[in-house]
Amino acid sequence: MVTKTKKNAPKKRKTATTNRKQTKITKAKAPADRSNFSNFEPYKLKKGEKYLNESQEKHLKKILTDWRMTLMEEVDKTVNYLQDEAGNFPDPADRAAQEEEFSIELRTRDRERKLIRKIDDTLERLEQGDYGYCDSCGIEIGLRRLEARPTAEKCVDCKSLDEIRERQLGN
Ligand SMILES: [Zn+2]
């Protein structure tokens, strides 16, 4: 049995200079990215159930509204976070790092705001019964795909074709 223990590893030094760094570590944590929502119970299909019946619609609506709420909370958290953190660092190097961090944050939140708008559009379509069928070919998008991607407007095949075309145009 070989168990290697690093006995000679340098121990954490506790000096006055580390104090400043430590206050940095304990600062408020940046909110997490919520561009994917997976916090739901998969729908239990009953035998012979009709696609997008009332209870399936209710289920998908709940996924969409829960996701929307999570995103809204993240956006709020970011606003608070940026306000709390702004101007905390007199050191120019710290400030540069902070600005970098802020711009990443802001880009993430921007994506989330767009996502919220997309969720709103989707909820609107769900209300109007214009939901769950492929925009290109008209077939059922499918409950499981909608659970994973509730804002999906196309079936897997059409979406894949689009992506292939986009890639070809990109090259
Ligand atoms: Zn399709």
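Tutor: A residue is buried if 20 or more other C-beta atoms lie within 10 Å of its own, exposed if 12 or fewer, and partly exposed in between, with C-beta atoms placed from the backbone. Helices (H or I, at least four residues) and strands (E, at least two) are DSSP runs numbered from the N terminus. Residues are numbered from 1 along each chain as its sequence is written. This is a predicted model, in which local features need pLDDT of at least 70 and side-chain atom pairs count only at pLDDT 80 or more, while totals for chains, interfaces and linings use all residues.

Student: How many helices and strands does the chain have?

Tutor: There are five helices and zero strands, and from the N terminus the elements run α-α-α-α-α. Of the 171 residues of the chain, 10% count as buried.

Student: Which residues of H2 are buried?

Tutor: They are His-59, Leu-60, Ile-63, Leu-64, Trp-67 and Leu-71.

Student: Which residues make up the largest nonpolar core?

Tutor: In soluble globular proteins, nonpolar side chains tend to be buried together. A nonpolar core here is a set of buried Ala, Val, Leu, Ile, Met, Phe, Trp, Tyr and Cys residues joined through C-beta atoms within 7 Å. The largest one has nine residues: Leu-60, Ile-63, Leu-64, Trp-67, Leu-71, Ile-119, Ile-141, Leu-146 and Cys-155. Helix H2 (residues 54-85) gives the most to this core, with five residues.

Student: Why does Leu-146 count as buried?

Tutor: Leu-146, which lies in helix H4 (residues 143-148), counts as buried because it has 25 C-beta neighbours inside 10 Å. Not counting residues up to four places away in sequence, Leu-146 touches Leu-60, Gly-132, Ile-141 and Ala-152, where a contact means C-beta atoms, placed from the backbone, within 7 Å. Leu-146 and Leu-60 are 86 residues apart in sequence, yet 7.4 Å apart in space, C-alpha to C-alpha.

Student: What is the phi of Leu-52?

Tutor: Most residues other than glycine have a negative phi. Leu-52, in the loop between helix H1 (16-25) and H2, has a positive phi near 55 degrees. With 19 C-beta neighbours inside 10 Å, Leu-52 counts as partly exposed.

Student: Where in the chain is confidence lowest, and where is it highest?

Tutor: Where pLDDT is low, the predicted coordinates should not be read in detail. This score is the predictor's confidence in each residue, from 0 to 100; confidence is lowest in H1, at a mean of 44, and highest in H4, at 95. Over residues 14-27 pLDDT stays under 50, and the model has two contacts beyond four places in sequence for them. The chain averages a pLDDT of 82, with 77% of the residues scoring at least 70.
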